[in-house]
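Trainee: Please take me through the pocket in this model, and then through the charged side chains that pair up.

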Amino acid sequence: MKAESKYQNKYDSCNLTYALNVVGGKWRLPILWALYKHDILRYNELKRAIEGITNMMLTQSLKELENHGIVHRKQYMEIPPRVEYSLTEDGKDLIPALIALAKWGKQIKEKNKRD
C-alpha cells in the first residue's frame with residue numbers, strides 16, 4: 001500500500017509550486033547566487049559569502065540543493081579533506097529565471113514606492 005501525504009492539496013502537482021519549493025527558503029537563493037558568482041566555493045568560502053547563515057543551515061540547505069540536483073558537491077580524498085561546491089547544469093539553467101524574477105521584483109518594488 002502506497003503511503004499518502006496527509007497534507008496534499010491541488011497545487012502539489014503544479015510545476016511552478018515544485019520549482020518554488022526547490023529554491024524557496026531563506027538561504028537557498030543566497031547560496032545559489034554565491035555559487036553563480038564564484039563558480040566553485042569551498043564550504044568556509046561559501047559561509048563567508050552569505051552573511052548571517054549558520055553552519056547548520058548552510059549544511060542543511062546544501063544537502064537539500066544537492067538532493068534536488070541543483071548543487072554539486074565534490075570531495076577530494078586528501079588530508080585535510082577538501083570539499084568544493086558548484087552549480088550543476090540544472091542549477092546553471094535556473095540562473096536566467098532568477099535574474100528575470102529579480103528584474104520583475106525590482107519593477108514591482110519601484111512601482112509600489114511611487115504609489
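Mentor: Leu16, Ala19, Leu20, Val23, Gly24, Leu29, Leu94, Ala97, Leu98 and Leu101 line the largest pocket. Two elements, helix 1 (15-23) and helix 5 (89-114), each give two or more residues to that lining. This is a predicted model, and the space in the largest pocket comes to about 180 Å³. Sorted by class, the lining holds nine nonpolar residues and one polar residue, with no charged ones.

Charged side chains come in with the salt bridges, of which the structure holds four. Side chains of opposite charge can pair when their charged atoms come close. Lysine 92 is partly exposed at 44% relative accessible area, whereas glutamate 89, at 54%, counts as exposed.

Salt bridges with shared partners also join Glu78, Arg82 and Glu84 into one network. In it, arginine 82 meets glutamate 78 at 2.9 Å, N to O, and the closest N and O atoms of arginine 82 and glutamate 84 are 3.0 Å apart. Glutamate 78 is partly exposed, with 36% relative accessibility. Glutamate 84 has a relative accessible area of 16%, and it is therefore buried, since the cut-off is under 20%.

Technical notes
Residues numbered from 1 in each chain as written. Predicted model: local features only at pLDDT ≥ 70, side-chain atom pairs only at ≥ 80, totals over all residues. Heavy atoms only, no water. 1 Å grid on protein atoms, 1.4 Å probe; cavity = no way out; pocket = protein on both sides within 12 Å on 5 of 7 lines; lining within 4 Å. Points joined across faces, edges and corners; volume = space filled by probe spheres on them. Helix = DSSP H or I, 4+ residues; strand = E, 2+ residues; numbered from the N terminus. Nonpolar A, V, L, I, M, F, W, Y, C, P; charged D, E, K, R; others polar. Buried < 20%, exposed > 50% of the residue type's maximum accessible area, 1.4 Å probe, protein only.
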